[in-house]
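Visitor: Please put the model on the screen, and let us go through it by question and answer, with the cut-offs given as each term comes up.

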Amino acid sequence: MKYYLCKFLPPRTDFLATMTPEEVDLMKRHGAFLNDLLDKGIVVAHGPVDDPAGGWGLSLYQVADDVDVKALASQDPMVTDGGARYDVLPMRHLRSRG
């Protein structure tokens with residue numbers, strides 16, 4: 001197994017406060033995308049981070065060795081259609097509450 005911290009970076013620092021109606025829809029699709037990965041056991045946890053410098057999102061992945069997390073994250077609707085991106089950072093291990 002491999003483990004990753006993925007930092008979701010919206011298209012601008014004030015994004016959460018200035019989303020257009022189209023971006024609100026994309027964010028709903030973004031949440032559904034991550035919830036689907038959570039239901040499949042690929043994502044361990046995800047959620048928004050209230051950073052004073054600008055909000056961002058965090059997701060923790062636990063995947064099989066043959067899974068390309070960067071390719072998987074690139075399928076997020078906010079990446080494909082909304083101008084967002086991910087920083088994908090490998091972790092040495094991940095423990096979580098069951």
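Visitor: In which element does T18 lie?
Guide: The model is a predicted one, in which local features need pLDDT of at least 70, side-chain atom pairs count only at pLDDT 80 or more, and totals for chains, interfaces and linings use all residues. Residues are numbered from 1 along each chain as its sequence is written, and side-chain values use heavy atoms, with hydrogens and water left out. Helices (DSSP runs of H or I, at least four residues) and strands (runs of E, at least two) are numbered from the N terminus. On that basis, T18 lies in helix α1.

Visitor: Is T18 buried, partly exposed or exposed?
Guide: The classes rest on relative accessible area, computed with a 1.4 Å probe on protein chains only: buried is under 20%, exposed is over 50%, and partly exposed is in between. Because its relative accessibility is 33%, T18 counts as partly exposed.

Visitor: Which residue has a side chain joined to that of T18 by a polar contact of 3.1 Å?
Guide: A polar contact is a pair of N or O atoms within 3.5 Å; within protein, one must be able to donate a hydrogen and the other to accept it, and residues adjacent in sequence count only if both atoms are side-chain atoms. The side chain of T18 has a polar atom 2.9 Å from the backbone oxygen of D14. Contact in the wider sense means heavy atoms within 4.5 Å, and, leaving aside neighbours within four places in sequence, T18 is in contact with R12 and E23. The partner in the 3.1 Å contact between side chains is R12.

Visitor: Which residues are linked with R12 in a network of salt bridges?
Guide: A salt bridge is a side-chain nitrogen of Lys or Arg within 4 Å of a carboxyl oxygen of Asp or Glu. R12 pairs with D14, where the closest N and O atoms are 3.6 Å apart, and also with E23, where the corresponding distance is 2.7 Å. The second pair links distant parts of the chain, since E23 is in helix α2 and R12 is in the loop between β1 (2-9) and α1 (15-18), 11 residues apart. The network therefore joins R12, by the salt-bridge criterion, to D14 and E23.

Visitor: How far apart are the closest N and O atoms in the salt bridge of K40 with D36?
Guide: The structure holds 5 salt bridges, and the one between K40 and D36 is among them. K40 is exposed, with a relative accessible area of 56%, whereas D36 counts as partly exposed at 35%. The closest N and O atoms of this pair are separated by 3.0 Å.

Visitor: What volume does the largest pocket have?
Guide: On a 1 Å grid over the protein atoms alone, a pocket is an open set of points where a 1.4 Å probe fits, with protein on both sides within 12 Å along at least five of seven lines, and lining residues have an atom within 4 Å of a point. Grid points are joined across faces, edges and corners, and a volume is the space filled by probe spheres set on the points. For the largest pocket this volume is about 200 Å³.

Visitor: Which residues lining the largest pocket are the closest to its centre?
Guide: At least two lining residues come from each of α2 (21-39), β2 (43-49) and β3 (56-63). Counting Ala, Val, Leu, Ile, Met, Phe, Trp, Tyr, Cys and Pro as nonpolar, Asp, Glu, Lys and Arg as charged, and the others, Gly among them, as polar, the lining has 9 nonpolar, 7 polar and no charged residues. Of the 16 lining residues, the closest to the centre are M27, H30, G47, P48 and G57.

Visitor: With which side chain does the side chain of H30 make a polar contact?
Guide: H30 is found in helix α2 and counts as buried, at 8% relative accessibility. Not counting residues up to four places away in sequence, H30 touches F8, D76, P77, M78 and Y86. The polar contact of its side chain, at 2.6 Å, is with the side chain of D76.
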